[in-house]
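I opened my notebook to look up a few things in one protein model. Come along and check each entry with me.

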Amino acid sequence: MNVLLAVTIIVSFLTGCGSQVPQAKSYLLTSDSIKANADYQAEKPIIVLAPVGLDNLLGSKGIVYQTSPTEAVVARQHLWAGNISTQLANRLLIGLRQEQNRYWLVPGALQIKTPEVATLLVNLRQFNGSYQGYAVVAGEWSLLDGQGALLKSQPFSIKEPLAADGYTALVNALAKATDQLIAGLGRELSGLVMANNPAQ
């Protein structure tokens with residue numbers, strides 16, 4: 001791929017608007033593995049999922065592509081359909097409800113009446129394509145107890161090969177890498193008992 005995709009991106013980035021401006025395309029971060037919402041059970045302890053943190057460039061509306069070990073560009077015509085942090089938070093929320101049965105994840109913006117519930121933080125420093133032929137999702141997640149003390153923190157770095165040229169393949173690979181992140185987080189939460197969780 002990726003030589004062709006990288007060249008296309010670089011040329012587009014450098015030349016800017018030509019006599020004919022290509023039509024912008026928008027992409028959703030979808031997943032075949034998400035089938036339906038899990039059901040809430042009252043006995044499940046709650047974990048608040050904080051808004052997903054993204055490094056500055058990754059929060060752009062355009063999809064980010066790394067063109068060399070030290071350079072990256074933001075696509076002008078290939079855009080996220082909606083805020084990518086919000087899309088990721090929604091994917092994590094639904095996915096983690098499906099991947100484990102111990103806890104019930106709720107969005108960080110939701111008003112929780114139960115005090116001192118745990119909080120899951122997910123921060124990404126990479127969520128982009130790479131000139132080396134894969135999509136990469138990398139960062140760190142942390143779980144805090146109800147008093148804000150760190151219970152566990154773990155870095156992650158997931159690389160998913162691109163199946164074809166183009167941004168559609170890149171978005172699909174990013175979605176698969178996100179699924180791997182969710183599966184790993186689900187396994188961690190399944191094996192984690194928080195003794196001081198008031199609902200547990």
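**Ground rules.** I am looking at a predicted model, where local features need pLDDT of at least 70, side-chain atom pairs count only at pLDDT 80 or more, and totals for chains, interfaces and linings use all residues. Residues are numbered from 1 along each chain as its sequence is written, and side-chain values use heavy atoms, with hydrogens and water left out.

**Whole chain.** I looked up the secondary structure and found 3 helices and 9 strands. Here helices (H or I, at least four residues) and strands (E, at least two) are DSSP runs, numbered from the N terminus. Going along the sequence, I read the pattern α-β-β-β-β-β-α-β-β-β-β-α. Of the 200 residues in the protein chain, 44% are buried. Buried means under 20% relative accessible area, exposed means over 50%, and partly exposed is in between (1.4 Å probe, protein chains only). I also checked contacts (heavy atoms within 4.5 Å). Among those between residues at least 6 apart in sequence, 70% join residues at least 24 apart.

**Helix H2.** Does the length of H2 agree with its residue count, or disagree? H2 has 16 residues (84–99), and at 1.5 Å a residue they should span 22 Å; the end C-alpha atoms are 22 Å apart, so the two agree. The expected span is 1.5 Å times one less than the number of residues. I noted the buried residues of H2, among them Ile84, Leu88, Leu92 and Gly95. At the start of H2, a side-chain oxygen of Asn83 comes to within 2.8 Å of the backbone nitrogen of Ser85.

**H2 against H3.** Two packed helices are described by the angle between their axes and the distance between the axes. At what angle do H2 and H3 pack? I found about 45 degrees for H2 and helix H3 (residues 167–190), with the axes 9 Å apart. Axes are lines fitted to C-alpha atoms, for helices over the stretch in contact, and angles run from 0 to 180 degrees between N-to-C directions. H2 and H3 are therefore oblique to each other. Angles under 35 degrees count as roughly parallel, over 145 as roughly antiparallel, 65 to 115 as roughly perpendicular and the rest as oblique. The residues making the contact include Leu88, Arg91 and Leu96 of H2 and Thr178, Ile182 and Leu189 of H3.

**Two residues of H3.** Thr178 sits in helix H3 and counts as buried because its relative accessibility is 2%. Leaving aside neighbours within four places in sequence, I found Thr178 in contact with Leu29, Leu88, Arg91, Phe127 and Val137. Arg187 also lies in helix H3, but at 60% relative accessibility Arg187 counts as exposed. Arg187 and Leu96 are 91 residues apart in sequence and 9.4 Å apart in space, C-alpha to C-alpha.

**Two tyrosines in loops.** I found Tyr103 in the loop between H2 and strand E6 (104–107). Tyr103 is buried, with a relative accessible area of 0%. A polar atom of the Tyr103 side chain lies 2.4 Å from the backbone oxygen of Leu192. Tyr131 is in the loop between strand E7 (118–130) and strand E8 (134–144), and at 27% relative accessibility Tyr131 counts as partly exposed.

Key:
A polar contact is a pair of N or O atoms within 3.5 Å; within protein, one must be able to donate a hydrogen and the other to accept it, and residues adjacent in sequence count only if both atoms are side-chain atoms.
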